[in-house]
Amino acid sequence: NQETLTSFIAGQGYSMKRTAAGNYTFTGTMANADVSVTIPTTTTTDAGHLWSAIGNPFPSFLSVGSVLTVANLDALGGAFTALYVWDATANAGEGAYTVLNKTADLSQLIAPGQAFMVRANGDGKTFVFSKASQQHNSGVATFYKSSASTPTISVHLTNGTSNKSADLEFLDSSTTGLDVGYDAGAYQDGTPTFSINTHLLSDSQGIDFTRQSLPISSLDSEVSIPLSMNASINEEVTFSVDTNNLPDGVSVYLEDALNNTFTNLTDAPLKIKITTALSGIGRFYLRTSSGVLSTETNFVGSLIDLYKTSNGTVKIT
C-alpha cells in the first residue's frame, strides 16, 4: 500500500517478498557518519520478542570483527551474543541462520545492505555501525571463510523433507558452561516442530544452542553432550555428522538412552523411527571417543561402557 510507506531507517533490517523475481531499487542520502539503531525497534518488554533485524547501512563492506565491538556485544543477550545471518542455501536448500560470533572468521565481510537478526538483552538497546569500520572489497558480495584448524562437529537431522543441524567447536579457552560470544542460542520463532540443538554441559538454563564451544580436552572423554530435539511420533529421522580437524582416530557416537545403544555416526548415518514424540533433551546424546563405545547387559543386568583412554589403556565402567 503506497499510502502507508515511510522512509527506511538507517541500520534497521527489513524483510520483503516480491510476487515475482526482480530487483529492488533504493534511493537516498549515503550514510557518512556512525549509524546507531535501537534494538528492538518496538517498545515491548516481553523477553520473547527481543529479536530484531538490523543491517549494514553503508554502501560498502563491514568486517564481522568491526561489528562485534565490546559495546555492541554488551547490548546482546548472554547466550545470544551473535549475529544471525540467513543463508538460503543451508540445510540442503531449506535455509538456516548462520551464526557469526567470536568463533567465526572475524575478517568475513558483511555486504552493503546485508541484514541479520540479533537478540537484545533488554528493550531499547543501541547497536552502532561505525563509519571507520568500512572496508573496500573488489570481489563478489559474499562471506569469506578461512581454513581454520579448529576441531568441529556438525550434527544433522532430517526427516526427508526438513533438514536441521547444530554445531560444536572445540577450543583450548572454552568451558563446559556459557562462553559469551562463543556459544550461540538457537533462533526460534515459537516452539519448533522439528529441530536439533544442544544444551550446555554445565549450568544449563534450558536454552537450546545452535552452536556450542567446548574444551578441546572433552573430545576424547566421558562427556555426553545433550541433544535437544523436537520430532513427532512415528516420524522417521536420520542422524549424520560432518567433522573437521578431529584428532586421529576420534569418532562421533550417538547415544540412545532409551535403547541403551551407541552408534558410530562417523562410519555411517543412522535412520530410526521415533516411537514417542520428542521435545527437549533426555533421550539422545553425542559422544566422542577414540575407542569403541558399547553397552552390554550380560553382567548381572549392569551397563558396561568400554572405551580407550590412551593408546595403551582401555577403561571399563
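The model is predicted, so local features need pLDDT of at least 70 and side-chain atom pairs count only at pLDDT 80 or more, while totals for chains, interfaces and linings use all residues. Residues are numbered from 1 along each chain as its sequence is written, and side-chain values use heavy atoms, with hydrogens and water left out.

**Salt bridges**

- The structure holds 3 salt bridges, each defined as a side-chain nitrogen of Lys or Arg within 4 Å of a carboxyl oxygen of Asp or Glu.
- Glutamate 236 pairs with lysine 271, with the closest N and O atoms 3.6 Å apart.
- Glutamate 236 is in strand 16 (residues 236-244) and lysine 271 in strand 19 (residues 270-273), so this pair ties together parts that are 35 residues apart in sequence; strands (E, at least two residues) are DSSP runs, numbered from the N terminus.
- Glutamate 236 is partly exposed at 44% relative accessibility, and lysine 271 is exposed at 57%; buried means under 20% relative accessible area, exposed over 50%, and partly exposed in between (1.4 Å probe, protein chains only).
- Arginine 287 and glutamate 255 form a salt bridge with an N to O distance of 3.3 Å.
- Arginine 287 lies in strand 21 (residues 284-289) and glutamate 255 in strand 17 (residues 251-256), 32 residues apart.
- Both arginine 287 and glutamate 255 are buried.
- Arginine 283 and aspartate 256 form a salt bridge, their closest N and O atoms being 3.0 Å apart.
- Arginine 283 sits in the loop between strand 20 (278-280) and strand 21, and aspartate 256 in strand 17, 27 residues away.
- Arginine 283 is buried at 12% relative accessible area, as is aspartate 256 at 6%.

- Beyond its neighbours within four places in sequence, phenylalanine 239 is in contact (heavy atoms within 4.5 Å) with residues including His156, Met229, Leu254, Ile272 and Phe284.

**Surface patch**

- Phe8, Ile9, Tyr14, Met16, Tyr24 and Phe26 form a nonpolar surface patch with about 620 Å² of accessible area together.
- Such a patch joins nonpolar side chains (Val, Leu, Ile, Met, Phe, Trp, Tyr) within 5 Å, from residues with over 30% relative accessible area and no salt bridge; areas come from the Shrake-Rupley method with a 1.4 Å probe.
- Methionine 16 lies in the segment before strand 1 (35-39) and is partly exposed at 41% relative accessible area.

How values were computed: Patches are made of residues with over 30% relative accessible area and no salt bridge: like charges are joined within 9 Å, nonpolar side chains (Val, Leu, Ile, Met, Phe, Trp, Tyr) within 5 Å. Helices (H or I, at least four residues) and strands (E, at least two) are DSSP runs, numbered from the N terminus.
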